[in-house]
Amino acid sequence: MLGTMRTDPARNWAMVDLLAETGWTDQVYVAGAGKALEEGGLVDMEEKKSRLVSLGPEGTKAAVEGLLEFRLWEWISNQDDSGRSMESLLSAGFDRKEAGPGVGLLKGLGISIEAGAFVVDDEDAVSRAIDQRSSFIQSLAEGATESSSLDGALVEHFTSRGGLIEFEDTVSRTWSLTKEGASVDDSELAEVDLIGELTTEILQAEAWRGAEFKPFDVSAPTPTSLGGRTHPMQALIERIRSVFLEMGFSEIEGDYVQSAGWNMDALYIPQSHPARTMQDTFYLSEPERVEVESEYLDLWAKVHEHGHDTGSRGWGGTFDKDEAQRALLRTHTTVNTVRYIAGNPNVPSRVFGIGRVFRQESIDRTHLPEFHQIEGIIHEPDASLPMLISTLKTFYAKMGYPDVRIRPAYFPYTEPSVEVDIRWREEWMELGGSGIFRPEVTEPLGTEWPVCAWGMGLERLAMLILDLDDIRQLYLPDLERLRKMPLL
Ligand code: PHE
């Protein structure tokens, strides 16, 4: 390419000229060689953007039949005063599909309608404007035209009307020699074949032997690829999952729809607890009831009424078995771990689950009616509070938050109960609750071993990790923002 350009050093070379003179058949060669020469400071490349305007399907039609305003104006001009009405327009063969937009166009040209009749102030001005438009369309009918050489106001006018004109943007490049390019000594120029890509043919023919390879430029700019990515929430869930798995836990799942019994009574939450009201819990009408095995209903009734043989005095009152079978959307994932123990009372276990829960909350910066919890238990003969605390500390340290604070707390189903905070930007952030299940919970489930249990907020953690100040940002379909969130 350099050799070719040096045959006429002052020329501005277009793509077609370079293809013709070099004998190359593909523009890619010119673009590639031009780029390399440009990087070497031997040629300059100039890019000229241009915009071609041509007729669209409606424009082609208008070039033959005349623009709608032209045809309307022709008709109006041929009517006497009494005939210039909407009514006779419709009977003259203009259908409603044309009449509507047509009247709009006429108004734009200074023609008004008064009491159903067309009123024209300046007939000459209307004719002139329509002539201009018609000849614009006629000129385009002869061939596509560079936008810059057309009347800007007319281009704008026709752009706003559907299908009349179309645009095609093109970029044309020209190459010219720089001083250095022009002064290269001919003896320094040699034509060399560079292998840019190893193909099967090259390998089979062993053509690579002794050949030169094109250096691979890892710093060359490339377009940013906007491929798919995992949603940040899903990515966080995967990461939490792998942390618990590597700590030796197994994953469990459960249904969104549960009975109040398993969601609450099994956890020794008194049936009169305020959180059980409709203001806090979503009860369902379909299904309205979820049946619970009578074995558990009987046990919970005894425990709630007088403590059964748990050593507790119970809450007193009468346990309502119907209430225990009301269907609801689970309000915490503790229902999953409790049911897991009931199903495996004699097997030491360490399980976790990450799942969606539902509460009647008003939506604001830090609250959503649907959110996720990271739930888990250690159920084994020697489970203990220190074991619980070190497990949670290890988990958060692995997530990147080594400063964990444990505070005493209260839950109806744990004793002792603790709340877990992590240190973030000089502040303590509350992330969840935990504790050792009370005997009122574990005995009806069929175990006498202690159970370390916890339920942590996932969205809170996500807000810290993704540096968000509004929880709703996690779930808005704002692709731009989601794309920019850090990869986890
Ligand atoms: N279920 C509690 C909540 O939703 C958290 C918790 C789980 C507390 C297990 C103690 C034990 O906030």
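**Pockets and salt bridges in a predicted model**

In this predicted model, 33 residues line the largest pocket, and those nearest its centre are Gly32, Ala33, Ala36, Leu194 and Lys214. Helix H1 (2–6), helix H3 (27–39), strand S7 (194–195) and strand S8 (212–213) are the elements that give two or more residues to this lining, and H3 gives the most, with nine residues.

Q: What makes Gly32, Ala33, Ala36, Leu194 and Lys214 lining residues of the largest pocket?
A: A residue counts as lining when it has an atom within 4 Å of a point of the pocket; these five are among the 33 residues that line the largest pocket, and they lie nearest its centre. The space in this pocket comes to about 1,600 Å³.

Q: How many residues of each class does the lining of the largest pocket have?
A: The lining of the largest pocket has 20 nonpolar, five polar and eight charged residues.

Q: Why is the contact between Asp421 and Arg407 called a salt bridge?
A: The term requires a side-chain nitrogen of Lys or Arg within 4 Å of a carboxyl oxygen of Asp or Glu; the N to O distance between Arg407 and Asp421 is 2.7 Å, so the pair meets the criterion. The pair links distant parts of the chain, with Asp421 in strand S15 (residues 414–424) and Arg407 in strand S14 (residues 404–411), 14 residues apart. Both residues also belong to a network of salt bridges that links them with Arg405, Glu419 and Glu430.

Q: Why is Asp421 called buried, and why does Arg407 count as partly exposed?
A: Buried means under 20% relative accessible area, and partly exposed lies between that limit and 50%. Asp421 has 2% relative accessibility and is therefore buried, whereas Arg407, at 27%, is partly exposed.

Q: How do you know that Arg326 and Glu323 form a salt bridge?
A: Their closest N and O atoms are 3.5 Å apart, and the limit is 4 Å, so the pair qualifies. Glu323, with a relative accessible area of 17%, is buried because this value is under 20%, while Arg326, with 28%, is partly exposed.

Q: What makes Glu440 buried or exposed?
A: Glu440 has a relative accessible area of 5%, which is under 20%, and therefore counts as buried. The side chains of Glu440 and Arg438 meet in a salt bridge at 3.1 Å, N to O, and Arg438, at 21% relative accessibility, is partly exposed.

Q: How many salt bridges does a search of the whole structure find?
A: The search finds 29 salt bridges.

Terms used
Residues numbered from 1 in each chain as written. Predicted model: local features only at pLDDT ≥ 70, side-chain atom pairs only at ≥ 80, totals over all residues. Heavy atoms only, no water. Buried < 20%, exposed > 50% of the residue type's maximum accessible area, 1.4 Å probe, protein only. Helix = DSSP H or I, 4+ residues; strand = E, 2+ residues; numbered from the N terminus. 1 Å grid on protein atoms, 1.4 Å probe; cavity = no way out; pocket = protein on both sides within 12 Å on 5 of 7 lines; lining within 4 Å. Points joined across faces, edges and corners; volume = space filled by probe spheres on them. Nonpolar A, V, L, I, M, F, W, Y, C, P; charged D, E, K, R; others polar.
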